[in-house]
Amino acid sequence: MLDEILTPEERAVVARARAFAEEQVAPDAARWEWERRYPLETIRAACAAGLHTIELAKEHGGQGLSFSCKLRAFEEIAKHDFAFAFALINHHNAVARFARDGQPAHVARLLPRMIAGEVIGCAGLSEPGVGSDFGGLEMSAVRVEEGWKLNGAKAWITNAAVAGLSVAYAQTDKAQGYRGIACFAIEADRPGFHRDKPFELHGGHAIGVGGFRLVDYVAPDEAVLHPPGRAFKAALAGINGARAYVAAMCCGMLQASLETAVRYTRQRRTFGQPVIDHQGVRWKLVDAATDLEAARLLAYRAARLIDEGGDAVLPAAHAKKFATEMAVRRIADCIQAMGANGLRAEYPLARHLAGAKIAAYTDGSIEMMNERIGQALPQVFA
């Protein structure tokens with residue numbers, strides 16, 4: 001288990017994340033979905049608990065802990081709601097990235113507010129017509145006397161419903177392709193920023209997904225996080241981590257689904273015996289438990305490589321592909337084991353199934369994972 005290599009301090013963080021999720025996420029997760037609400041007050045409570053500064057360097061007011069610690073903490077939170085966990089980890093990532101890459105004066109002005117949860121962060125990659133093809137960004141950035149003038153739209157952005165700062169990418173020179181992409185810290189309260197209505201997302205409304213448009217938005221030079229030539233590489237550097245923690249979140253959802261299904265099928269009786277004693281049901285849950293173990297091993301291997309500075313490209317792709325595919329299938333099996341009751345709102349399984357499907361698209365779809373792994377086949381199996 002990954003916890004065995006964590007430090008005592010890191011294990012305490014994981015325990016704190018588990019307790020927070022049990023006390024403040026589990027009781028309200030279904031209500032957020034039914035009421036179509038973004039849980040801003042609980043996001044801020046998580047910030048007060050320090051769950052958004054796990055990887056943030058100590059010099060910036062963070063805890064300076066490992067990626068593996070962050071992955072495990074958010075696996076625990078996802079057991080109760082993938083949408084909340086994904087919203088919080090995106091804020092965590094924006095905090096750490098802005099602190100690491102921002103200009104000192106800019107960071108000094110905004111980072112304390114992000115740490116306090118007053119300003120929520122998000123990433124700004126996807127666009128209405130651009131998803132996995134990151135090199136095809138249409139948002140433009142043109143050099144002007146005051147800095148950079150940006151025009152264009154972003155879509156499918158986690159936390160866009162409320163975010164005050166976006167780590168956004170724009171194209172400065174289409175002729176340069178991905179080398180022309182630059183990265184900017186975009187502030188929602190500056191002229192030219194227009195927030196779109198959040199998407200109505202089934203099963204994951206708490207993600208706060210939506211978009212924004214920039215119309216002659218001027219980003220001052222202090223807002224440049226990565227200039228052209230460096231931004232694309234910087235964006236790709238974080239994608240392996242995202243794929244690994246999404247895989248771990250899928251493990252969290254399946255574990256919660258298995259726990260629910262096993263409890264239910266032990267208590268429910270049909271034909272004179274507990275449902276779990278029927279071989280057809282029991283073996284489906286056995287398959288789910290085995291896939292859970294396999295997915296965890298893949299996700300944890302990728303996490304260790306990331307912490308060690310190793311090549312995690314393929315391990316992270318394998319982890320995300322396997323974990324997302326198996327979570328959709330196995331959570332559905334857990335629902336089936338419970339019969340029609342598995343769909344009742346008092347149980348979290350239907351919400352976890354939607355979360356697993358959302359995970360299959362985030363940070364590279366299953367099809368993109370197939371392409372990434374497929375490109376490496378001649379080298380791996382030469």
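By class, the lining of the second largest pocket holds nine nonpolar, five polar and nine charged residues, where Ala, Val, Leu, Ile, Met, Phe, Trp, Tyr, Cys and Pro count as nonpolar, Asp, Glu, Lys and Arg as charged, and the others, Gly among them, as polar. The model is predicted, and local features need pLDDT of at least 70, side-chain atom pairs count only at pLDDT 80 or more, while totals for chains, interfaces and linings use all residues. Residues are numbered from 1 along each chain as its sequence is written, and side-chain values use heavy atoms, with hydrogens and water left out.

**Second largest pocket**
- A pocket is defined on a 1 Å grid over the protein atoms alone as an open set of points where a 1.4 Å probe fits, with protein on both sides within 12 Å along at least five of seven lines, and its lining residues have an atom within 4 Å of a point.
- The space in this second largest pocket is about 360 Å³, a volume being the space filled by probe spheres set on grid points that are joined across faces, edges and corners.
- Its lining has 23 residues, and those nearest the centre are His-80, Ala-256, Thr-260, Arg-263 and Pro-348.
- Helix α8 gives the largest share of the lining, seven residues, and α1 (8–25), α2 (29–35), α8 and α11 (349–359) each supply at least two; helices are DSSP runs (H or I, at least four residues) numbered from the N terminus.

**Nonpolar cores**
- A nonpolar core is a set of buried Ala, Val, Leu, Ile, Met, Phe, Trp, Tyr and Cys residues joined through side-chain atoms within 4.5 Å, and buried means under 20% relative accessible area, exposed over 50% and partly exposed in between (1.4 Å probe, protein chains only).
- Among the 74 residues of the largest core, Leu-71, Phe-74, Ile-77, Phe-84, Tyr-245 and Met-249 touch the most other members, and helix α8 (residues 239–267) provides the largest share, 14 residues.
- Beyond its neighbours within four places in sequence, Leu-71 has contacts (heavy atoms within 4.5 Å) that include Leu-2, Tyr-245 and Tyr-300.
- A second, separate core of 23 residues includes Ala-99, Val-130, Phe-134 and Cys-183.

**Cysteines**
- With a disulfide taken as a pair of cysteine sulfur atoms within 2.5 Å, the count comes to zero.
- Cys-69 is in no disulfide, the nearest cysteine sulfur being that of Cys-47 at 16 Å, and Cys-69 is buried with a relative accessible area of 0%.

**Arg-266**
- Arg-266 lies in helix α8 and is exposed, with a relative accessible area of 60%.
- Not counting residues up to four places away in sequence, Arg-266 touches Pro-274 and Ile-276.
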